[in-house]
Amino acid sequence: MTDDTTLVKRSRYAVAAVFCVHGSVTGSFATRVPWIQEHAGVSAGQLGLALAFPAIGAALMMPLAARITHRFGTRTALRGLLALWTLALILPSLAPGLLTLCAALLIYGGTAGMADVAMNALGIEVEHRLKKSIMSGLHGMWSAGALLGSAVGTVAAHANLSAQVHHLIAAVVLTVVGAAVCQFVLNIHPEEDEEPPARFALPPKSALLIGAVGFCAVFAEGASLDWSAVYLRDVLDSSAGVAAGATTGFALTMAIARITGDAVVDRFGAVRTVRASGVIAMLGGLLVVVAPNAVAAMIGFGLIGVGIAVVVPLAFAAAGHTGANASQAIAGVATITYASGLVAPSIIGGIAQASSLTISFIVVTALAAGLAVFARVLATKTEAGELQR
């Protein structure tokens, strides 16, 4: 028993490192998008089109993760899928034009999605064996990795290092680190008589309901990340430096809240945590809408970040505990949340064009309120029983 406990605890830290590696790839890519745009010679509109392809690739490929994990076991599958993702970082910077950039980003997103499903499924298995919440902390490590990758990318950009060289170095380093830490994750194989999951299958109904809650959170996240700086600049006439601080502050509050969120979930349960989180995010959205100055708006965006931070980790955890195939349910939730992250910035922009950016964040506030209303779909089996009594 002691040996099993030690293995599970070791796997927890290894999976946390995997999340950090995964986030570092995203951060490394995001900081070099301007360089990639210039190298590929695409316009802003064409870049926007190309940046839709990672979500398309992820949605298409995520259902395959369950099949791969069933075939090779959790350790080998995660090692391979993570390596594909880290090495895919090299591709976008090599693209000489729009078509090749779209193709590169399709592969980039597809490998990201498969690795995402595999690591979340394994994280949920470790959480189940530890009998305590760890998913929020794991997603906090993803955020920390994204910040780390962004920091290194910023340094590389200031040093005028080409994205091709930067991403080649980053891909090699992250692939080696990823392969090393995957050695310590749980190595789970299916039972001999267990049927392999379908290559492509619709997610169970329970995953759709859970995904809808995740949609609300990721919509607020995408809107805040992409539009917070613009909001401060255009609505509150803030300087560029102050406006950029809103985005940084939002990302930091999310990372901190995720890293510390597991203790809150263990203390109060998933449902009460998400209900409180929805109220906090709603209050943050209201503060943004009525903010008389930049400081108030930045506090509002920070509250949105705190409020939505634990929702997606808990959505993945709830999907993994539905009783259906964990990877398939997670893939369904992930597809919905990826779609939300894809459409949120454009919807916010469309509403702003038709009315105002303030009206756009009234919509964000309403979706945040939905978290509090529909939190019960994220209930664990224990909580579900308590809610029925």
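Here is a short tour, from the overall build to one pair of helices.

## Ground rules

This is a predicted model, where local features need pLDDT of at least 70, side-chain atom pairs count only at pLDDT 80 or more, and totals for chains, interfaces and linings use all residues. Residues are numbered from 1 along each chain as its sequence is written, and side-chain values use heavy atoms, with hydrogens and water left out.

## The whole protein

You'll find 17 helices and zero strands here (DSSP runs numbered from the N terminus: H or I of at least four residues for helices, E of at least two for strands).

Of the 389 residues, 49% are buried (under 20% relative accessible area, with a 1.4 Å probe and protein chains only). Among contacts (heavy atoms within 4.5 Å) between residues at least 6 apart in sequence, 85% link residues at least 24 apart.

## Helices H8 and H11

Now zoom in on H8 (residues 135-158) and H11 (residues 240-268), whose axes come within 6 Å and cross at roughly 150°. Those axes are lines fitted to C-alpha atoms over the stretch in contact, with angles running from 0 to 180 degrees between N-to-C directions. So H8 is roughly antiparallel to H11 (an angle over 145 degrees).

Residues in the contact include Met135, His139 and Leu147 of H8, along with Leu252, Arg258 and Asp262 of H11.

Definitions and conventions. Parallel < 35°, antiparallel > 145°, perpendicular 65-115°, else oblique. Buried < 20%, exposed > 50% of the residue type's maximum accessible area, 1.4 Å probe, protein only.
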